[in-house]
Amino acid sequence: MNTVTVILTSVADGERVGRQLQSTFSRDNIVLLTPEMAKLGVLTKSAVAEQTGSSHGAEGLPEDQLFVYEDALRRGCSVLVVSAGDESAASVVRKLLEREGAVPIEAARERWWDGVRGAEHEHYSPGGEKF
């Protein structure tokens, strides 16, 4: 199973794109994580696995990426997870999501990491020394 995970700038965008995908994929294959879910504390590996219907852990959602989802949700974005089936279907999903302005999880991870590095830089060089 190929899983495609992206960040969308709002819950409304996530809902809209999710509805578009329902013309091709079952609702069971589309999961939308929202900021409200994060506020309620339901964004854990087991909860995400349950949302995605995986009884053996969150397929395609490594535990070490939960921080990326949490960061996106804190900023008011939504996280859309699509279980696309084969690579051909995943490619179609990626193209649609790209047209809709979705940010691939890999790019979101890099942005998050850049932010962490910037915060560390400020923390470790308060006097303006080189980092």
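**Entry 1: Phe67**

I began with Phe67, which is placed in helix H4, residues 66-74. Helices (H or I, at least four residues) and strands (E, at least two) are taken as DSSP runs and numbered from the N terminus. The model is predicted, so I note that local features need pLDDT of at least 70 and side-chain atom pairs count only at pLDDT 80 or more, whereas totals for chains, interfaces and linings use all residues. Residues are numbered from 1 along each chain as its sequence is written, and side-chain values use heavy atoms, with hydrogens and water left out.

I looked up the exposure of Phe67 and found a relative accessible area of 27%, so Phe67 is partly exposed. The class lies between buried, under 20% relative accessible area, and exposed, over 50% (1.4 Å probe, protein chains only). Leaving aside residues up to four places away in sequence, I find that Phe67 touches Arg109 and Trp112; contact means heavy atoms within 4.5 Å. Phe67 and Trp112 are 45 residues apart in sequence, and their C-alpha atoms are 8.7 Å apart in space.

**Entry 2: The chain as a whole**

I counted six helices and four strands in the protein chain. Along the sequence they follow the pattern β-α-β-α-α-α-β-α-β-α. Of the 131 residues, 37% are buried. Among contacts between residues at least 6 apart in sequence, 71% join residues at least 24 apart.

**Entry 3: The sheet**

In what order do the four strands stand in the open sheet? I read the order as E2-E3-E1-E4, with antiparallel pairing. E2 and E4 are the edge strands, as each pairs on one side only. Two strands are said to pair if DSSP finds at least two bridges between them.

I then followed strand E1, residues 2-8, in which five of the seven residues are buried. E1 pairs with strand E3 (residues 78-85) in the antiparallel sense over seven bridges. Along this pairing, Thr3 stands opposite Ser83 and Val4 opposite Val82. E1 also pairs with strand E4 (residues 103-104), again antiparallel, over two bridges. There I noted Val103 as the bridge partner of Ile7.

**Entry 4: Helix H1**

I next asked which residues of H1 are buried. They are Gly14, Val17, Gly18 and Leu21. Seen down the axis of H1, these buried residues fall within an arc of 105 degrees, so they line one face of the helix. The arc is that of the directions from the helix axis to the C-beta atoms. I find E1, E2, E3 and helix H5 (87-99) included in what covers the buried residues of H1.

**Entry 5: The second largest pocket**

I looked up the second largest pocket and recorded a volume of about 150 Å³. A pocket is an open set of points on a 1 Å grid over the protein atoms alone, where a 1.4 Å probe fits, with protein on both sides within 12 Å along at least five of seven lines; lining residues have an atom within 4 Å of a point. Grid points are joined across faces, edges and corners, and the volume is the space filled by probe spheres set on the points.

The lining consists of Gly14, Glu15, Gly18, Gln22, Arg27, Ile30, Val31, Leu32 and Leu80. Helix H1 (11-21) and strand E2 (30-33) each supply at least two of the lining residues. By class I count four nonpolar, three polar and two charged residues. Ala, Val, Leu, Ile, Met, Phe, Trp, Tyr, Cys and Pro count as nonpolar, Asp, Glu, Lys and Arg as charged, and the others, Gly among them, as polar.
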